[in-house]
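Please look over the points below with the model open beside them. They cover a surface patch and the surroundings of the ligand.

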Amino acid sequence: MATEQNGPVVRLDIEGPVATVWLDRPNQLNALNLEMREALADSFKKLNDDPSIRAIVVTGGDKVFAAGADIKLLADKGPEAVRALGFLDLWRPIAESPKPVIAAVSGYALGAGCELALMCDIIVADSTAQFGQPECKLGVMPGAGGSQRLIRAIGKAAASHLLMTGGMLNAERAYTLGLVSELAASGGCLEAARKIAARIATMPPLALAAIKRTLADAADLPLPDALALENQAFLRLFDTQDQKEGMAAFLEKRKPDFKGV
Ligand code: CAA
């Protein structure tokens, strides 16, 4: 496994087609300072552009995912100074990654940490995970999807409850609400996430990219428009060699060999 330090606070492990991005600022519970945000954005830009990478896992290790934005960075700033930090641009390579991204959450995923998990396609959690958007306790609110992705993920009542009380969802409750798609035993979520990533990495990349794009682009359209978009994406995939290979392999009772074309 190749390991490289992409800045002192984010690590990147590459194992074949699966990349793992580690938040690594444990003494501050992986609170997202500017250095960490820039290193995260750089890591994702690199992985997004690398055709050999088929799936990305994001983890904070087995103690904490991320306890949110670094409050020290924001405490004395006004709106323009916060805007000038460029958070939205730094989130973009993650939120708009064309690759499947899986969050492996142990411990706290709070504020911007919860927003990071919500940007991922799939969230796997272990029994220690705690999700929350406690921004209201600081006199603010989420600014990078923590209200809008959350309401779409778990519905109005549960999202409002979390956002307005600053409380936390434990792993079991997050799983029941559909925020988390797989629950692992304590300490097991990175392995579980990597297993899912490895399986995803065997799938035809063009089909997965089309699924990801369609889920994102169609989610807020009226149903007839969303269905039309889905059907266009479906039809376009019949123009790929991977569709011919996938269907031929099924009929010939053999394993497909997908090339991403
Ligand atoms: N920003 C800066 N530092 C943080 C931090 C954060 N979000 N979260 C934790 N830390 C630091 C603490 O200051 C402490 O550092 P020192 O040892 O140098 O004092 C260290 O991490 C360990 O934290 P605690 O001692 O507080 O650990 P705990 O186990 O007692 O409590 C916790 C854990 C409940 C997560 C608590 O740390 C906490 O409430 N953190 C803040 C959570 C939060 O409010 N997150 C939202 C931030 S705002 C946001 O994310 C959205 C946005 O863009 C504005």
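1. Phe234, Leu235, Phe238 and Met247 make up a nonpolar surface patch, and together they have about 390 Å² of accessible area. Accessible areas follow the Shrake-Rupley method with a 1.4 Å probe, and for residues only the protein chains shown count as cover.

2. This is a predicted model, in which local features need pLDDT of at least 70, side-chain atom pairs count only at pLDDT 80 or more, and totals for chains, interfaces and linings use all residues. Residues are numbered from 1 along each chain as its sequence is written, and side-chain values use heavy atoms, leaving out hydrogens and water.

3. Phe238, a member of the patch, sits in the loop between helix H11 (223–236) and helix H12 (241–251). Phe238 counts as partly exposed because its relative accessibility is 35% (buried is under 20%, exposed over 50%, partly exposed in between).

4. Around the ligand there are 18 residues, of which Ala67, Ala69, Ile71, Ala112 and Glu135 come nearest. By class, this shell has 11 nonpolar, 4 polar and 3 charged residues. H2 gives the largest share of the shell, 3 residues.

5. Which backbone atom of Ile71 lies 2.9 Å from a nitrogen atom of the ligand? It is a backbone N or O atom of Ile71. A polar backbone atom of Ala67 is also 2.9 Å from a ligand nitrogen, and a side-chain N or O atom of Gln28 is 3.2 Å from a ligand oxygen. The protein covers 60% of the 970 Å² of accessible area that the ligand has on its own.

Notes: Near = heavy atom within 4 Å. Polar contact = N/O pair within 3.5 Å; in protein donor to acceptor, adjacent residues only side chain to side chain. Helix = DSSP H or I, 4+ residues; strand = E, 2+ residues; numbered from the N terminus. Nonpolar A, V, L, I, M, F, W, Y, C, P; charged D, E, K, R; others polar. Patch = residues over 30% accessible without salt bridge, like charges linked within 9 Å, V, L, I, M, F, W, Y side chains within 5 Å. Salt bridge = Lys/Arg side-chain N within 4 Å of Asp/Glu carboxyl O. Buried < 20%, exposed > 50% of the residue type's maximum accessible area, 1.4 Å probe, protein only.
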